[in-house]
Amino acid sequence: MPYNPAVPRFKDQAICIRHLDWSETSQIVVLMTRAHGKVRGLAKGSKRATPSSVQRFSGGIELLTRGEIVATTKATTELAQLTEWDLQDHYYHLRRDLSAQRLALYATDVVHALSADEDPHPRTFEALARFLIALGEGGRTAAALLRFQWVVLDDAGYRPELWRDVVEGETLPERGTYSFEPATGGFTARVGAREWRVRAATLGALRRTAGGEAAGGDDAVDVAGNVVGAVLEDQAGEDVTRANRLLCAYIRWLLDKELPTMRFVLDSA
C-alpha cells in the first residue's frame with residue numbers, strides 16, 4: 001500500500017527490529033516497513049492467549065520476524081496502534097546459527113540507526129529482507145552482508161564514491177593501495193594521516209557489488225525469497241571481508257558511535 005500520511009490506517013509488510021514488553025499482555029515494537037519506513041508501535045493484547053488476540057496477532061511479534069501489519073497512526077502520539085499482525089516468515093535459521101543471528105542483529109541495528117521514523121525507504125526494507133534470507137544460505141554470508149551494507153548506505157544518501165578521486169576530482173588512477181576519506185565519503189590516491197589505507201582489491205570488491213546492484217541486484221530476490229531477476233555473482237574471500245569491515249567502520253564514523261553489534265563485523269576473521 002503506497003504511503004499516504006493523510007490516511008491514519010494502513011496495511012504493510014514489516015520486519016521487527018526492536019521489541020520490549022509494555023505490560024503482561026502488550027508490546028512496544030519498532031518495525032521496518034516497506035512503504036512507511038521505520039514505525040514505532042504499541043501492540044495491545046499481542047501477548048494474550050485468548051482466541052481473538054491469537055487471531056489478530058497470529059504467530060506473535062518477535063525480533064527478526066516478518067509479517068503483515070495493520071496499524072493506525074495519530075498526530076497526538078508517537079506510537080502507532082498495531083491492531084493486526086500476520087506472521088509471514090520467522091527466519092528459523094537465525095535461531096539455529098549463532099553467527100547468522102549476530103549478523104542479523106547487526107543489520108537491524110544499522111537499519112534502526114540510519115533510518116528516520118516514518119520516512120519510507122523500500123530499498124532498505126528489501127535489502128534487510130534479502131539479507132535475512134541469505135543468512136540461511138551457506139557460503140553466501142560475506143557477499144550478502146556487503147550487498148546489504150552497500151544498499152543501506154546508498155539509500156540513506158551516503159553512497160561511497162568509488163571511481164573519482166575525492167581529493168583531486170579526477171578519475172582514480174591505478175594503484176596498489178588507496179586511502180578512504182570518511183569525511184568526503186570516497187577514495188583518493190593521495191596518502192595522508194587522516195585517511196584509512198585500503199587495498200585495491202578491497203575497492204574492487206566494492207565496485208563489483210555496486211555494479212551488480214546497478215544491474216538489477218535490488219530486485220534479484222523478492223521479500224519471500226523468490227528469484228525474480230538477475231542474481232549477483234557471489235563474492236568470497238578476504239577482499240570481501242575487508243570491504244565489509246570498511247563499510248562497517250564508515251557507518252561507525254557517520255553515526256559517531258559504535259553499535260554493540262559492530263564487533264561481529266569488525267572482529268571477523
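Predicted model: local features only at pLDDT ≥ 70, side-chain atom pairs only at ≥ 80, totals over all residues.
Analyst: A residue is buried when its relative accessible area is under 20%, exposed when over 50%, and partly exposed in between (1.4 Å probe, protein chains only). By this rule, 47% of the 269 residues of the protein count as buried.

User: What makes a set of residues a nonpolar core, and which residues have the most contacts inside the largest one?

Analyst: The members must be buried Ala, Val, Leu, Ile, Met, Phe, Trp, Tyr or Cys, joined through side-chain atoms within 4.5 Å. The largest such core has 52 residues, with the most contacts inside it at Leu 128, Leu 132, Phe 148 and Phe 187. Apart from it lies another core of 14 residues, among them Ala 14 and Trp 85.

User: Which residues does Leu 132 touch, beyond those up to four places away in sequence?

Analyst: Contact means heavy atoms within 4.5 Å. Leu 132 touches Ile 15, Leu 64, Tyr 91, His 93, Leu 94 and Ala 104.

User: Why is the space beside Leu 114 and Asp 155 called a cavity?

Analyst: The name applies because, on a 1 Å grid over the protein atoms alone, a 1.4 Å probe fits at a set of points but cannot get out. About 40 Å³ of space lies in this largest cavity.

How values were computed. Residues numbered from 1 in each chain as written. Heavy atoms only, no water. 1 Å grid on protein atoms, 1.4 Å probe; cavity = no way out; pocket = protein on both sides within 12 Å on 5 of 7 lines; lining within 4 Å. Points joined across faces, edges and corners; volume = space filled by probe spheres on them.
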